[in-house]
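Please have the sequence and the 3D view open as you read.

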Amino acid sequence: MALITLRRNLCHLSDFRIHGALAGLKTQRVNCVHKTVKEHLCPWFWSLQLEPVRVRFHHAHSKKFHSENGNDLHPVGEPVSSQVHAWDRSEHSVTNADEQIFYRRLNSFTSSEEVLHFISTLQTLPDTMAAGALHRICEMEKKGDDQRLPKEILENSAFQALCDQFAQDPSNLSNTGLVTALQALTLLYVDPQSRLLLNLLAECQHRLERGSLDSHSLCILGESLIKLQGPGCSTLDLIIYQLQGENLEEFTPEDIVTLYRILQACPEKVDQHQTFLNKMNNCSLSVVSNLSPKLLSQMLTALVVLDQTQALPLVIKLGKYVVRHIPHFTSEELREVLEAFIYFGHNDRFFTKALEQHVASLCLTLDPEVVSKVMEYCSRKLIFSKPILDAVAESFVCQSEKFSPNQTAELIEPFGKLNYLPPNASALFRKLENILLTRFNYFPPKTLLKLLHSCSLIECHPVNFMARIFSPYFLQQLQGEEPYLDRLSLAQLTQLFLTAILECPFYKGPKLLPKYQVKSFLTPCSSLETPMDFQLYKSVMIGLIDLLGARLYFASKVLTPYCYTIDVEIKLDEDGFVLPFTVDEDIHKRVALCIDGPKRFCLNSKHLLGKEATKQRHLYLLGYQVVQIPYYDIEMLKSRLELVEYLQRKLFSQNSAGHW
């Protein structure tokens, strides 16, 4: 480990010594030294006239560092603890505990000035800790688009001493100090031709080719090169190759996640690295419990990018520990977790419960992107959560101006899909209507159509916008440059038009042209109708045959003139007798049996989805006697006789004159 000497003169300027450098440099002129420092710093940093700083170099073989007065590491002016840490003493080696104390102190600072003031009180400092200080400064000064250090930092003598150490002779640095200093440079703008950067890169390349870098250093170097040179740099392949030869069980959790991030940067090579990824996925099971919220979200994101759908055991275990950290995730981290769960189709009731508590308590302060992602998660997984839906509805009413058009659509659509009107529905849809009136043209056409269609599913009919939706101008926008409209958009338009006819008789605007109307709402994505559960249908069919006497008396999968497909249709004459399904005359009543399997309900509930509730509502308005046969009723029946009796009650309880 290289040792840095930081000795202050009366003006608090730092002396800087790199042990192991040529003794002849001791006599180097001050102005020459500062010229060297500026050459290393510029054009990475701004060109500045730096104050003279005395720089001396000497050899040191110990691992000692101490404070200016040999007592403590407190900056000047701060209270001095009565206890003297072992790592403060000039004759004591630096231990892991010493480093932890140093880094805890370093991370407690809130500004670069505090860090620099702290290290300026020290005479000597191991290069790893110096690199850590440089990293902390760059980390705190990385603000928005401004990737340059402020002038007052560049003029600080302690900062000049830090940079001078890494610029002079990187070969004397430890592996950790070397790669950490390089990592610090990636946080800010770095000129590719900067001597400071080139010297560090050259030394890293030299040690890499010699195979002298440990796994931790390889991980830091790999990620730093990706940031500096992009994922296509040739050196990255050598780093990955050497990492594959390391024992993964000896990696720290942080290094495991860093390795995932390195592979994530080149997803096109996932097939080439899949065997190694399989080892990583298995090994990661043992480190999940030690991951921080940030590392949990990063590992999940990497698994998504690398398409590790076969790593479900790892995803499930990550999900288990995500539950414990939900209150501690940042908005961005929570968004990444939700995206991963959506991608892998993961959900569990413990996660849902924790998410409910988090959203309900912080919804008004959550980032709009996170709120819309929470709603997308509930929508994709069909999670009917009143606490989440109510909290999101309240958030939208209070701060709708924060949501973009796409976020607004993602937030509103689940209400229709999950068939739920929140307690503040009138305020919610009044707010939505005002947004649409003022920002109608800002919504992408397909997004707008999905949004308005979702509103109609819960009987919040967008009457004021139907004329625009059915206009040739909007339909042309909806089609865009495609030769024809996609089937889903046509089906949504058709159902909106049917809704206008059946539920909005006062609508007198333009009609939807026949060429834009579909014949059936059954689409490949099942967005408007869910196909019948075949196993459930077989059970019901046996009971119907026993009840009616023959298969002749009911039809299956009947496509109506109104685009809906009826699971089972039974025809009755004026006297209530059941007619053969082939008869088309003297039909007094049609009975539509909706055999609703689990996929027609929200997850783990008896709450019907919006599309199925709309279908049954429309069939009723079209004159059908709608009879719902839910799966949970059939599961409760213990015998064939009970099934027949159940069907008889369902079909003929309202019509005592019914016969079969």
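Two strands are said to pair if DSSP finds at least two bridges between them. Strands (E, at least two residues) and helices (H or I, at least four) are DSSP runs, numbered from the N terminus. The model is predicted, so to speak of local features needs pLDDT of at least 70 and side-chain atom pairs count only at pLDDT 80 or more, while totals for chains, interfaces and linings use all residues. Residues are numbered from 1 along each chain as its sequence is written, and side-chain values use heavy atoms, with hydrogens and water left out.

Let us begin with β5, which covers residues 565-572. This strand is mostly covered, with 8 of its 8 residues buried; buried means under 20% relative accessible area, exposed over 50%, and partly exposed in between (1.4 Å probe, protein chains only).

| Partner of β5 | Residues | Direction | Bridges |
|---|---|---|---|
| β4 | 555-559 | antiparallel | 4 bridges |
| β6 | 578-579 | antiparallel | 2 bridges |
| β7 | 589-596 | antiparallel | 5 bridges |

β4 and β5 form a hairpin with 5 residues between them, and Cys563 in that turn has a positive phi of about 80°. Leu559 has Thr565 of β5 as its bridge partner. The hairpin of β5 and β6 also has 5 residues between the strands, and there Gly576 takes a positive phi near 90°. Lys571 is bridged to Leu579 in β6, and Leu572 stands opposite Lys589 in β7.

**Leu116 in helix α3**

Next, find Leu116 in helix α3 (residues 112-119). Is Leu116 buried or exposed? Leu116 counts as buried because its relative accessibility is 1%. Leaving aside neighbours within four places in sequence, Leu116 is in contact (heavy atoms within 4.5 Å) with Ile137, Ile153, Asn156, Ala158 and Phe159. Phe159 is 43 residues from Leu116 in sequence, yet their C-alpha atoms are 6.6 Å apart.

**Helices α19 and α21**

Finally, turn to α19 (residues 405-417) and α21 (residues 445-457), which pack at an angle of about 30° with axes 8 Å apart. Axes are lines fitted to C-alpha atoms, for helices over the stretch in contact, and angles run from 0 to 180 degrees between N-to-C directions. α19 and α21 are therefore roughly parallel, a term for angles under 35 degrees, with over 145 roughly antiparallel, 65 to 115 roughly perpendicular and the rest oblique. Residues making the contact include Ala409 and Ile412 of α19 and Leu451 and Ser454 of α21.
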